[in-house]
Amino acid sequence: MDKIEILSEPIKSVSDKKLYKTIRLENGLTALLISDPSKVVESLDTSSSEEESSASEGTESDSDGAQSIQSASSDQHNTKRPNEFDEEKLAACALCVGVGSYSDPATIQGLAHFVEHMVFMGSEKYPKENEFDAFIKKKGGSDNASTDCEVTTFYFEISEKHLAQAMDMFSQFFVSPLMLKEAMQREREAIESEFAIASPSDSNRKDQLLSSLFPEGHPARTFTWGNLRSLKEDINDDEKLYRAAHEFRRRHYSAHRMTLAVQARMDLATLEEHVVKTFGQIPTNSLPADNFKDHLYSPNNITSDFTSIYHVKPVSDTTEVQLTWLMRSLISEYESKPHQYISYLLGHEGKGSLLSYLRKKVWALGIYTGNSESGIDYTSIYSLFSTQVILTKDGLDHIDEVLEAIFSYINMLRKIGPSERIFDEIKTIEETSFRFEEESQPAEYVESLAENMQNLPPRHYITGDRLYYKYDPKGITELLECMTADKVNIMILSNKYTTPMTYDAKEKWFGTEYKKKEIPPSWLNRWLNVNPYKHFHLPAKNIYITDNFDLVPPAVPYIEEAERLGIDLMASSMKDINKKVSASPKTSKILKQGELIATVENFRLDQPNLLRKNRHMELWYKPDFKFRFPTALLYFYFITPLSLKSPRESCLLDLWTDVLQQGLKEEVYPANMADLSHSLYVGDKGLTLKVNGYSQNLHLLVELVTQEMRRNTDNLTTDMFEAVREVRARTYHNVLIKPHKLAKDVRMNVLLEPYVSPRDKAVAIQNITIDDLKEFTKLLLDKLYMQVLVQGNVPWTDAIKISENVLQNLKWDGLPEKELPQIKVHELPLGERVVRVMSFNPASTNSIVTNYYQADVANIKDTATLEVLMMLMEEPVFDVLRTKEQLGYSVFSMLRYTFGVLGFSITVNTQRDKFSVAHVDTRVEMFLKKFSRDMRRLNEKSLAAVKQSLVQLKHTTDYELKEEVERNWREIAGGEYRFQRLFSEAEAIEKVKVSDIKSWVDNHFSTGNRSNFRKLSVQVMGHLPKDSNVTEAEVKDLSLQYLDASQPVGDTAENDTDFITNINVFNKHLPFIPIEKVELAQC
């Protein structure tokens, strides 16, 4: 037996029922084993967990014979499972290696990222290039990896039954990866494509420019992404890259520098056995990690390049200023987190805050501060602290005063000194949040833990990045001493300068244009000596901090119904409750308390019940039986016929919501800080308000928001209106310059009626005045229909009172049924049509091809068939179009459910200088041709394995109440009310036969009888690379530039009749697909 060292057990939350064990293997790898005891049943086989041994597929065994490690004892027979109604949970595993881009050799930038890609490309034991990925996807899981500055993380999740097999395959990437030369040449193209997708991002560009300001030879100067230039052209020797990649892996991918976290519903002993058997084989070289001590932060190594002003040409339409300070590494100060204390105050948005002052001046509308605790912000040698302010045009014109205000606030913090009251408030909020934290998704959880394990002691693996252990006023003061005007880096991004900016320099890798300037001495002098403004003060005591965590018991009718059906509400799974409810006759209930009465016609325990339905609103309510936390979620949908009436009205609704957000900022911020969160956004048919958090004070937040809605534009000034309008216009523009967003816009424009495009809104917004908006408030709030969903720790009586209070605050007239907005879907003509348009971003080569294949009105059988088909397609589409053909980094297929209409799509993000959109379209069709041949050869055995994985996914448990609430909300907002959808779909999937798959492919693919083949290829074509100085921000005309067969882009001749050159003309005479509407009875 290997020698295993047992380390301290991590501290966990009182609500966390999982069991933890930390071990160090003989090879030096540290592993955290996480046993989830929820619903562990007696195993049928001593060697495996209940999930491995109790799944009945009704077939001999898995189609790919992947049974080597598992007990197949019960896979042989269709026996009744001991956990008949158990919910599925995915198991997850993450491995983090203590090396990242800072160890790239100076001559091969991006090597760490390249090696991360390469180790996944097959191992000696499992040599097939895509074998692991195929296995994971087929079993309903997913996998991914990421490279950071000093760590590289790999993770996967999969149904528990297949964990042991997946761990063996996964561990072999670190035992003996192949990293073959021919695979390297292909994968380099994927790295290039990934870089091209990352390239039009201002935040990536700012990071790289900032990196270039570190001294020569500093690890932070690394180009972490890698691309063809750094991995091919600059080396010009594939053999050299091949040797370097293998050398890098041998040097750094050693077991003693690896941390592993694995979670499943297995006992700790079983998990330990699996880990030792697999990861115990990883070799170790005992070499120390690279030593960066020579580059440790000291105030003297801040270069004059760093402490300058940079005017940076943005890619998107943005106006912002970012201040960055360099400071000591903060990783070891996790117990006191001094940077978080400063960030809490500098980024505060309530009364007396920096943003409050800048908003009153109408110089800024948003602020983001702090340190992300990842990437270039947070390393073992230094840290960065940044403050980003979203400016108005007026703020840009007063940039020196905006900056002065920032330094005035920092000087105030310095003068007042650290406040223990504020520290205790932050500490309390975090402790409460941690105490009542719902479970994370397993993959996300193990990924973050494996990374934490690199830097934290075992006791603090879980809590170290969350909780505050000690107040360190000295640490806070020292950081504030770093944050002076003479040590700051300032980046200003805008294209709204009153005097146009001439850029005279270019960053090497992203080609970001910029102009460097010294900070004017007069500005510097002012900033260094500015006194705290009288507007500024520390935030007052937060009145929203929760102190009542009592749980509300379910109302009597719920308890009676549970007893009638023989259900234990606290211990039963959703699947169990659904099964018993569905098997019993419908029942109605009267809920009564004092004056309040609610009559529920179809009372069910497994879904929200309808408590109110009239022409003003419908109210759905469900108590929480499962999680039993003192939290709740309250969702409101204010439906208005104005939202889809015209681009102008749609614009007005957007602006009205933006003004509301600004008006609420100061009042609502303390509530948000105390974990009572709200979001307000415009949906298809109106305005959505979502409020969630601790139930004690949630009603106050709803009250605050709805009162503000009524008086929204009363005190709106012209300056604030113009600032909000300018930011909203930027938003429309920034959506459209992203090719994948434009592709969606074009597809929806073809399919939907009515549809309002951001292209039309970008034009309409220019002519809207403040008076138009004030008038709109009355129009909007006078006629509405409200949908409400209340779930969680709230009594039904409060649900009614809160909803009626909203009506009281807003006082609207109900909407007649016929005035409710309806979205209809056009039926595409048989055959194929192409809509090809130019990208609105002249500086980007990125192209998008989305081939959308429309089917019919969704019914349960077709949906199930298509879901199975999509699962069968998920892995091969990636393998063929990305891994083998290297069409682009981002390639995926997905089921499309468009307002009740079924379909599917395949999307490829390529680059114009690599492949033409016509070529990509052809390759997608070739793939589908081969795929349809494969489907003709599909047998029941292979199908059964996929169906089982899909059914398990449908029955995957919810990790937090929000997942169930979001599902219920989609049913309500979509007007379909099929709350049992997951269960009925799982049932339908089990009935899918090979003949169903074959006939679906035959009817809907171009290779079959084409009786229902309706294809729309949406192609957004990127621009050829050029050294011009155009950026997206300068694009003014947002009308579509259509292309057709007369402008060939590939080497194949195309047929002009297939092209759409005017969407409105094309879809004008298309029929609509009839969708049945659900009518609710009044109550």
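Guide: In what follows, helices and strands are DSSP runs numbered from the N terminus, a helix being H or I over at least four residues and a strand being E over at least two. The model is predicted.

A charged pair comes next. Side chains of opposite charge can pair when their charged atoms come close. R250 and E247 form a salt bridge through their side chains, at 3.6 Å from N to O. Both residues belong to helix α8 (residues 238-252), and their spacing of 3 residues corresponds to about one turn of that helix. The relative accessible area of R250 is 48%, so R250 is partly exposed. E247 has a value of 41% and is likewise partly exposed.

R328 and E333 form another salt bridge, with 2.6 Å between the closest N and O atoms. Here the two partners fall on opposite sides of a cut-off, because buried means under 20% relative accessible area. R328, at 21%, counts as partly exposed, whereas E333, at 16%, counts as buried.

K393 is located in helix α12 (residues 393-397) and is partly exposed, with a relative accessible area of 27%. Once neighbours within four places in sequence are set aside, K393 is in contact with K496, T498 and E726. By contrast, K393 and Y334 are 59 residues apart along the chain, and 39 Å separates their C-alpha atoms.

Two further annotations give a context for these figures. For residues 434-762, UniProt lists "domain: Peptidase M16 middle/third", again from an unreviewed entry. This stretch is 40% helix and 19% strand, and its end C-alpha atoms lie 43 Å apart. At residues 869-969, an unreviewed UniProt entry places "domain: Coenzyme PQQ synthesis protein F-like C-terminal lobe". Residues 869-969 are 59% helix and 20% strand, with 27 Å between the end C-alpha atoms.

The charged pairs described above belong to a structure that holds 69 salt bridges. One of them joins K1015 to E925, with the closest N and O atoms 3.0 Å apart. K1015 lies in strand β30 (residues 1014-1021) and E925 in helix α28 (residues 917-936), so this pair ties together parts that are 90 residues apart in sequence. Both partners count as buried: K1015 has a relative accessibility of 2%, and E925 has one of 16%. Salt bridges can also be linked through shared partners, and in this way D16, K18, D36, K89 and E439 are joined into one network.

Helix packing can be followed in two pairs. Helix α3 (residues 131-138) and helix α4 (residues 163-175) have axes that come within 10 Å and cross at roughly 155°. Because angles over 145 degrees count as roughly antiparallel, α3 is roughly antiparallel to α4. The α3 and α4 crossing is left-handed. On the α3 side the contact involves E131, F132, F135 and I136, which meet Q165, A166, M169, F170 and F173 of α4.

The second pair consists of helix α20 (residues 647-673) and helix α25 (residues 770-782), which pack at about 95° with their axes 10 Å apart. This angle makes α20 roughly perpendicular to α25. From α20, the residues in contact are R648, E649, L652, L653, L655, W656 and V659, and from α25 they are D772, L773, F776, T777, L780 and L781.

Finally, D1056 is a loop position, between β31 (1042-1043) and α33 (1063-1067). D1056 counts as partly exposed, at 41% relative accessibility. Beyond the neighbours within four places in sequence, D1056 is in contact with D1044, A1045 and S1046. D1056 and V834, although 222 residues apart in sequence, have C-alpha atoms 9.4 Å apart in space.

Notes
Residues are numbered from 1 along each chain as its sequence is written. This is a predicted model: local features need pLDDT of at least 70, side-chain atom pairs count only at pLDDT 80 or more; totals for chains, interfaces and linings use all residues. Side-chain values use heavy atoms; hydrogens and water are left out. A salt bridge is a side-chain nitrogen of Lys or Arg within 4 Å of a carboxyl oxygen of Asp or Glu. Buried means under 20% relative accessible area, exposed over 50%, partly exposed in between (1.4 Å probe, protein chains only). UniProt positions are given in the numbering used here, feature names are shortened, and annotations may be inferred rather than shown by experiment. Axes are lines fitted to C-alpha atoms, for helices over the stretch in contact, and angles run from 0 to 180 degrees between N-to-C directions. Angles under 35 degrees count as roughly parallel, over 145 as roughly antiparallel, 65 to 115 as roughly perpendicular and the rest as oblique. A crossing is left-handed if the near helix is turned anticlockwise from the far one by less than a right angle, and right-handed if clockwise. Contact means heavy atoms within 4.5 Å.
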